Amino acid sequence: MAKRKSNLRGREGIAGWVFTAPMIVILGVFLFVPVVMALWVSMTNWRGNVDPFGGGPNAAFVGAKNYTALFLQDGLARSNFMQSLGNTFFYVLFVVPLQTATSLLLALIVNDRFLRGKSFFRTAFYFPSVTSSIAISTVFLFLFSNTGAVNGFLKILGIDGPQWFSDSRGLFHLFLGLFGADNPGWAQGEIFGRSLWDWLSGPSVAMCVIIILAVWTTTGTFMLMFLAALQDLPVEVDEAAMLDGVSPWQKLRLVTIPMLKPALFLVTTLGLIGTWQVFDQIYVMGKGAPAGTTMTPAFLSYTTSFRSNGWGSGAAMAFVVFLIIVLLTWWQRHIMRDDKTPGRLRRAFGAANLMRSHRGTGKTP
Amino acid sequence: MRSRKTRHATVALTLGAVGALVLSACGGGGSSFGGATKSQAAGPAKLTIMIGSSGDAETNAVKAAADAWAKKSGNTAEVIVASDLGQQLGQGFAGGTPPDLFYADASRIGDFAKAGNLFAYGDQVQGENFLPTLVKTFTYDGKLQCAPKDYSTLALVINTAMWTAAGLTDADIPKDWAGLESAAKKLTKGKVTGLVIGNDINRGGAFMKQAGGWVVSDDGKTMTADSPENLAGLQEIQKMMKAGSLKFNTDTSPAAGWGGEAFGKGIGAMTIEGNWIKGALTKDYPNIKAKIVELPAGPAGKGTLMFSNCWGIAAKSAHQAQAVDLVKFLTSVDQQLAFTKAFGPMPSTEAGIAKFKTDYPDDAAFAAGGDYGQGPVNLPGFDPVMAAFNSKLATLGKGGDPKAMLAELQKNGTAAIAAG
């Protein structure tokens, strides 16, 4: 009996390995091994002209010097890196909530039983995600140019549109400026060599264009994820809620969204990872201009490595961003997890209360 | 029995997969990374030339020259047009298989030389008599790293129709800053701005030079960015911006991609551009008639900027001797004048430029710039420093502070020189 079972499992085991071996080899060679190589390069002073694994003066091991130069050493590398981190932090802060909320809203609309032409709307909303990001970025360059369609539309409304791509003023700076604050004394403290006032600048006007672009492009993909999750929700819970007489807004807040937690978690995680790695749009729409306010760590890593031959520093930046993403994802997972339930999809509407009251008596629902 | 066999098979398969991984990762890498340069002993050499072309005219001209040399010397030379020269060169250097001959921009000489990518053959081409200003631009660490292939300078390009319509004559052609201010003011009317220039140091730097300052000292060992002369140059630009007679190409309405586009579209009545504007005007804006004059002199005299590429030979090239021979062919007077005819830049040798001055009298202003032009900063590690300065300089018309910009350039540049 036992032998036959292990035989079956053994054969299935081999079949499993045979099927996954090609993918393991490909992922290993093209993903895992280069990452390990890059980790090594980030600890050397390699300038791109000799074998980085051969040692010698042009590829010498320097330990954590590239990392400390990014954080502790006063200089252009640190100020560029800190500015790129600040820019991307605001970019993430605006894009992730906006794209999550917009995609959820679109999914709710498309999921509506009474909506006609559902597949048309699904296609229309998903279309921007399928189009090449370079093509969309180029179109946005024309749309938001000084005399482009957006400024023309604003002119009809009587607003004098800004020079989108050459305006480096930060949004928060402009807002605080309304209250008369301009580089005030309380914001002079320095964090990693950058004044607090600079850290609070918010996304620049040029960065706002990229934020709009990112939200418009990625909502489609996340809308599909929410749609799939919505269609998986049990109809009985909805009907029970309607019978109990909740308003649509209450239903959304207390029933639908708690049940969408796994999809929400997926969308926010993907959003966080994707936004910290933004590159294509920066490359097409300004390469960091104006005044470095659209610079992101991914693009800075590219220019440091390929333009200035500072491969060690570029690789170090990439790993710092990797750590930031991992930390953020872990933190997000931590706040979204639910200690009280045993890991399964939580049924709202008193299920949690039921369990809390039954735990004391030892009964299970 | 069978379970042990399947267990063994599983282990063997796992080890095999891991082994394949390790082998495929390590196997390919070792052989292609170069050790010492092996020069080809005998037989015709196959050279690769990588260029960053400005268009079909340039590509065809270089190909024709390469074929002519190939026929003469019995070797072959293949011309590769790079879509992103900087990136492809970087790949070539890192991978150990760079092209034998390539365009090297003056601003990258320090980076390439420091990384050991260049074969400094300047001593072998001393007889060609290159312009002294060009030799200075391409000298790093006391050695001429490569032979300058041509050069362009900046000059003032004037829209003759707008000029005469504003009632200006030849006597009003600006010879100094005051003349430039008044001419630009007279040309600014309605949507047209008197002078539209590019928004980085490659145009604004001309004003700094005219005021008597520059980013680094002549020997390239000290930063001179934070000087009153440079400040005077930038303040002159700001003064004209406040008067409304000067705009950066990104600040015009509609914004232009570069000064030449603003000039061609009639957004700017004058612009400061180099030799390439002639080709651009003929191709894209044939209806505009332009007059080219030397840039006005500043408080310290005439000043303009020079842009040049050289023929870089890779240190890892296996055909260095043949490459030097090819360079000598390409920098001969006839060959350089053929390039000039095809796509416009000026010859880099004294003999060449003398013939250029007689053949192309309309371009006298560009040619004159070769005597007092300033090449770009060629020190290693300056790419991010200049990029940071350029991005700040672009805000000059929106309340940027030139003193702060120059102070930051001084700080970053000093750090870069210390590191390099």
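The dialogue below takes up labels and the values behind them.

Tutor: Keep in mind that this is a predicted model. Start wherever you like.

Student: Why is Ala291(A) called buried?

Tutor: The cut-off is 20 or more other C-beta atoms within 10 Å. Ala291(A) has 23 such neighbours, so it counts as buried.

Student: What makes Lys287(A) partly exposed?

Tutor: Its count is 14 other C-beta atoms within 10 Å. Exposed needs 12 or fewer, and buried needs 20 or more. The value for Lys287(A) lies in between, so the label is partly exposed.

Student: Where do Lys287(A) and Ala291(A) sit?

Tutor: Lys287(A) is in the loop between helix H13 (280-284) and helix H14 (297-307) of chain A. Ala291(A) also lies in the loop between H13 and H14 of chain A.

Student: What makes E9(B) an edge strand?

Tutor: Strand E9 (246-248) of chain B pairs on one side only. Strand E11 (290-293) of chain B does too, and these are the edge strands. The order in the open sheet is E9-E8-E10-E7-E11 (chain B), with mixed pairing. The average twist from one strand to the next is 25 degrees.

Student: How do you know that strand E8 (residues 193-197) of chain B pairs with E9(B)?

Tutor: Pairing needs at least two bridges. Three bridges join E8(B) to E9(B), so the two strands pair. They run parallel. Ile197(B) stands opposite Phe248(B) in E9(B).

Student: Which residues of helix H12 (residues 320-330) of chain B are buried?

Tutor: They are Gln320(B), Gln322(B), Ala323(B), Leu326(B), Val327(B) and Leu330(B).

Student: How many residues make the contact between chain B and chain A?

Tutor: Chain B gives 39 residues and chain A gives 38 residues. On the chain B side, H1(B) gives the most, with 13 residues. By class, that side has 17 nonpolar, 16 polar and six charged residues.

Student: How do you know that domain 1 and domain 2 of chain B touch?

Tutor: The test is C-beta atoms within 7 Å. By that test 17 residues of domain 1 of chain B are in contact with 13 residues of domain 2 of chain B, so the domains touch. H4(B) gives the most to the domain 1 side, with four residues. That side has eight nonpolar, five polar and four charged residues. The centres of the two domains, taken over C-alpha atoms, are 28 Å apart.

Methods: Residues numbered from 1 in each chain as written. Chains lettered and ligands numbered in written order. Predicted model: local features only at pLDDT ≥ 70, side-chain atom pairs only at ≥ 80, totals over all residues. Contact = placed C-beta atoms within 7 Å. Nonpolar A, V, L, I, M, F, W, Y, C, P; charged D, E, K, R; others polar. Domains from an automatic or database assignment. Axes fitted to C-alpha atoms, helices over the stretch in contact; angles between N-to-C directions.
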